[in-house]
Amino acid sequence: MNSAFIVAVEAQASQRPDAVAFRNSRGERITYAELKRRSDAAARAIAANAAVPAGAPLVVYGHKSPLMLVSFLACVKSGHAYVPIDVVYPTERVASIIGQLGETAAIDTTGDAADILGNGELCPIIGLGLFEDEGQQAGPESQGALEADDTFYILFTSGSTGTPKGVEVTTECVDGFYRWLSACEYSERTPDEHRIWFNRSPFTFDVSLTDMVAGLVFGDELFALEDEAEKSLALAFESFAGSGVTDWVSTPSFVEQCLADEAFNAELLPDLRRMLLAGEVLRPETVRLAQRRFPGLRVFNGYGPTESTDLVTLCEIVPGMLEQDRSLPIGYAKPESRLVVLNPETLEEVEDGEHGELFVIGNTVARGYWGRDDLTQAAFHACPERLAQGQRTYRTGDEVTRDPDGLYYYHGRYDLQIKLHGYRIELGDIESTLAALPEVHMACVLPVVRDGLISHLVALIVPSDLEAPRGFELTKRLKRAAREVIPSYMIPRAFKYVDTFPLNPSGKADRKALAALIAD
């Protein structure tokens with residue numbers, strides 16, 4: 001069986017062979033014809049390599065280079081799931097992932113990663129020679145194309161603590177995601193429209209699937225920041241100039257970092273028409289500022305865990321939503337996913353408008369966690385069978401409500417709920433309250449633990465005006481304003497001011513790094 005997604009991408013090699021499929025800020029690029037030719041050749045080489053375990057998932061090591069896409073396609077064409085590992089990962093994390101995979105081989109797209117890949121002791125390493133066989137005649141890639149229920153890729157979650165766990169996403173999941181994304185409102189286009197997608201998120205993060213799938217199946221172009229440009233907004237802005245980006249896909253945190261600089265506007269990105277944000281809470285203030293900087297910009301909000309193949313909800317943020325006295329909606333459920341909201345303790349369905357935990361049901365749910373039956377049982381088999389009806393399910397741990405018209409709202413993580421002095425507190429509620437204040441650009445609230453108990457809360461604040469005075473007077477104003485919205489017991493005891501938030505490799509605010517800033 002050929003994946004519908006792979007077939008759609010390969011069709012572009014015939015229809016627009018010379019069109020650029022991917023380019024990065026370093027100037028590297030690849031056309032659709034080259035993407036097909038090189039991935040075919042690499043697939044044949046993988047199939048013929050005796051060091052590659054038959055049918056095993058294969059590590060693809062690198063960052064934002066054309067060879068990453070070539071490798072992903074080559075793995076799938078030769079009957080192997082791909083497992084992206086980014087160059088930002090420390091050696092210990094790389095070893096942990098390879099160790100969990102067991103039988104595997106690693107494709108090194110950088111040409112100099114032998115040390116971090118264990119010098120062949122962890123697994124066989126396939127070097128750049130894999131991509132040099134461009135002169136071969138076109139022909140069957142291999143004898144091992146993936147079936148619908150085979151694992152297409154494995155993403156190891158980038159949690160800040162604990163052992164990474166690998167989410168097994170099947171071919172059926174990816175093809176279902178492709179079909180939905182191709183037909184949804186966001187992808188509506190004129191017959192001759194050509195889009196350039198900003199590929200911000202690393203390939204190890206599920207949000208990257210959105211621009212990769214939507215871009216490649218339509219014959220569009222992906223534009224990515226390579227490592228150097230990602231480390232500096234100044235370099236990133238230089239790369240944006242002349243990029244022609246029409247569609248922006250990222251986390252809200254990255255957009256907010258960019259918007260903190262007034263140079264992030266329509267002069268820098270004159271062709272920007274749409275912005276799809278996911279992975280974190282989207283604030284109304286972020287949408288308003290983005291649309292002031294980019295007149296006519298359409299902003300979409302999406303939600304979806306890695307375990308359900310990226311997005312399961314999506315909607316455009318229209319003016320009326322910005323005027324509501326509530327958080328922005330995360331969207332309507334896509335047809336391929338059935339969403340149910342359950343009481344987290346009784347697992348009974350709640351009424352529309354009532355808070356509950358979101359469960360995802362359907363063919364976009366992943367198979368489970370690689371080699372972790374215990375975690376798989378807890379997360380993928382918790383939904384009552386009367387609702388699952390034999391389909392795969394995933395328990396998200398996210399607190400949501402659903403309106404009668406089917407629009408979903410996100411209210412935070414159940415595992416970010418804490419108890420302080422007997423009060424149950426949702427940290428996200430405090431963060432949203434603070435972030436809505438005019439003096440605040442970004443906010444993160446963290447608990448301080450002493451002797452095993454939560455002592456108090458600390459708010460880390462990026463001020464809207466970085467030049468304005470900080471300290472006692474500003475803190476007093478923020479506390480006074482917050483008390484008009486939330487109870488006094490939810491007001492953080494201490495406020496700390498920073499110029500920017502560190503982001504983790506996924507582009508989200510790095511809560512672990514922020515916690516280090518308040519450590520005693």
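Analyst: A residue counts as buried when its relative accessible area is under 20%, as exposed when that area is over 50%, and as partly exposed in between, with a 1.4 Å probe and protein chains only. By that rule Phe-198 is buried, because its relative accessibility is 0%. Trp-248, also at 0%, is therefore buried.

The model is a predicted one, in which local features need pLDDT of at least 70, side-chain atom pairs count only at pLDDT 80 or more, and totals for chains, interfaces and linings use all residues. Residues are numbered from 1 along each chain as its sequence is written, and side-chain values use heavy atoms, with hydrogens and water left out.

A pair of aromatic rings is described by the distance of the centres and the angle of the planes. Rings of Phe, Tyr and Trp (its six-membered ring) pair if their centres lie within 6.5 Å; planes under 30 degrees apart are stacked, those over 60 are edge-to-face, and the rest are tilted. This rule gives 22 aromatic pairs. In one of them, Phe-198 and Trp-248, the ring centres are 4.4 Å apart and the planes stand at 50 degrees, so the pair is tilted. Phe-198 belongs to strand E9 (residues 196-199) and Trp-248 to strand E11 (residues 247-250), so this pair ties together parts 50 residues apart in sequence. Helices (H or I, at least four residues) and strands (E, at least two) are DSSP runs, numbered from the N terminus. Trp-248 also pairs with Phe-254: their centres are 5.9 Å apart and their planes lie at 20 degrees, so this pair is stacked. Both Trp-248 and Phe-254 are buried. Phe-198, Trp-248 and Phe-254 belong to one aromatic cluster, together with Phe-237, Phe-240, Phe-264 and Phe-294.

On a 1 Å grid over the protein atoms alone, a cavity is a set of points where a 1.4 Å probe fits but cannot get out, whereas a pocket is an open set with protein on both sides within 12 Å along at least five of seven lines; lining residues have an atom within 4 Å of a point. Grid points are joined across faces, edges and corners, and a volume is the space filled by probe spheres set on the points. The structure has 3 cavities of 30 Å³ or more.

The largest cavity holds about 70 Å³. Its lining consists of Phe-72, Tyr-82, Tyr-153, Leu-155, Phe-203, Phe-205, Ser-208, Leu-209 and Met-212. For the classes, Ala, Val, Leu, Ile, Met, Phe, Trp, Tyr, Cys and Pro are nonpolar, Asp, Glu, Lys and Arg are charged, and the others, Gly among them, are polar.

The volume of the second largest cavity is about 60 Å³. Phe-5, Ile-6, Leu-69, Phe-72, Leu-73, Val-76, Tyr-82, Phe-152, Met-212 and Leu-216 form its lining. Two or more of its lining residues come from each of helix H1 (4-15), helix H3 (66-77) and H6, with H3 giving the largest share, 4 residues. This lining has 10 nonpolar, no polar and no charged residues.

Among the open spaces, the second largest pocket holds about 590 Å³. It is lined by 28 residues, and Leu-259, Ala-260, Leu-289, His-441 and Ser-464 lie nearest its centre. Helix H9 (252-259), helix H10 (284-293), strand E23 (440-450) and strand E24 (453-463) each give two or more residues to this lining; H10 gives the most, 6 residues. By class the lining has 13 nonpolar, 5 polar and 10 charged residues.

Two loop positions complete the picture. Thr-364 lies between strand E17 (356-362) and strand E18 (368-369), in the loop, and is buried because its relative accessibility is 0%. Gln-389, in the loop between helix H13 (385-388) and strand E19 (393-402), is exposed because its relative accessibility is 58%. Phi of Gln-389 is near 50 degrees, a positive value in a residue other than glycine.

As to confidence, pLDDT is the predictor's confidence in each residue, from 0 to 100. The protein chain averages 90, and 95% of the residues score at least 70. Over residues 135-142 pLDDT stays under 50. Where pLDDT is low, the predicted coordinates should not be read in detail.

Terms used
Contact = heavy atoms within 4.5 Å.
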